[in-house]
Amino acid sequence: DFIVDNNQTASMGPKKITGKLILNNGATLNITGTIWVSGNIELSNNCHANLSPSYGPRSGVIITDSKIVVSNNCAFQGSGDPASFMMVLSDKNAPYEEVITVDNNSLGVVYYAGKGRIKFSNNAQAKEATAYGITLDNGATITYDSGLSSMFFSSGPGGGYDIKYWKEVE
């Protein structure tokens, strides 16, 4: 496990964690490269996950094969460039399970759970969310940022889209 606790600050990346990633009680994680976690990701109690300024206009990602729990005022931040975003991704194949849970005023990140569900509650906020299913409770909001359509990650495969066909429907 990799644990940052009690107002400590750590820098990490690129790195694979064979176990859990835990940020708690005011901890700060400065992300310098992609982080792959084989266990759960648990972020709580006023923690911060920030991309290094060296990312510039690029975005970064934390990936897990398991579940993600974000709670109690945790905040995420890109590199400082308006085109830079932080993504938290669960690759757990559980289409009817909540693989990402976000609550209690947590904010500022892109969530992805293509094979599972995401639940937002108690004033949680996200820049974007994509999942097999999404539940919003108690004042939770997802505000899609216009810059997200052209996110550029610093490593790994790129992505994009094209509109091949459209029609007006009455």
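**Note on side-chain contacts in a predicted model**

1. Strand β16, spanning residues 128-136, contains Ile-134. The model is a predicted one. Ile-134 has a relative accessibility of 34% and therefore counts as partly exposed. Together with Leu-136 and Tyr-144, Ile-134 makes a nonpolar surface patch of about 290 Å².

2. The structure contains one disulfide. This bond joins Cys-47 to Cys-74, with an S to S distance of 2.2 Å. The link is right-handed, at 120 degrees about the S-S bond. Distant parts of the chain are connected in this way: Cys-47 lies in the loop between β7 (41-43) and β8 (48-51), and Cys-74 in the loop between β10 (68-70) and β11 (75-77), 27 residues apart. Cys-47 and Cys-74 are both buried.

3. Two aromatic pairs are counted. Tyr-96 counts as exposed because its relative accessibility is 70%, whereas Tyr-132, at 46%, counts as partly exposed.

4. Tyr-111 and Phe-120 likewise form an edge-to-face aromatic pair, with 5.6 Å centre to centre and 70 degrees between the planes. Tyr-111 has a relative accessibility of 0% and so counts as buried; Phe-120 is buried, with a relative accessible area of 0%.

5. A contact between a charge and a ring involves Lys-16, whose charged end sits over the ring of Trp-36 at 4.2 Å from the ring centre.

Methods
Residues numbered from 1 in each chain as written. Predicted model: local features only at pLDDT ≥ 70, side-chain atom pairs only at ≥ 80, totals over all residues. Heavy atoms only, no water. Patch = residues over 30% accessible without salt bridge, like charges linked within 9 Å, V, L, I, M, F, W, Y side chains within 5 Å. Areas by Shrake-Rupley, 256 points an atom, 1.4 Å probe, with all protein chains shown as cover. Salt bridge = Lys/Arg side-chain N within 4 Å of Asp/Glu carboxyl O. Helix = DSSP H or I, 4+ residues; strand = E, 2+ residues; numbered from the N terminus. Buried < 20%, exposed > 50% of the residue type's maximum accessible area, 1.4 Å probe, protein only. Disulfide = S-S within 2.5 Å. Phe/Tyr/Trp six-rings, centres within 6.5 Å; stacked < 30°, edge-to-face > 60°. Lys NZ or Arg CZ within 6 Å of the ring centre and 35° of its normal.
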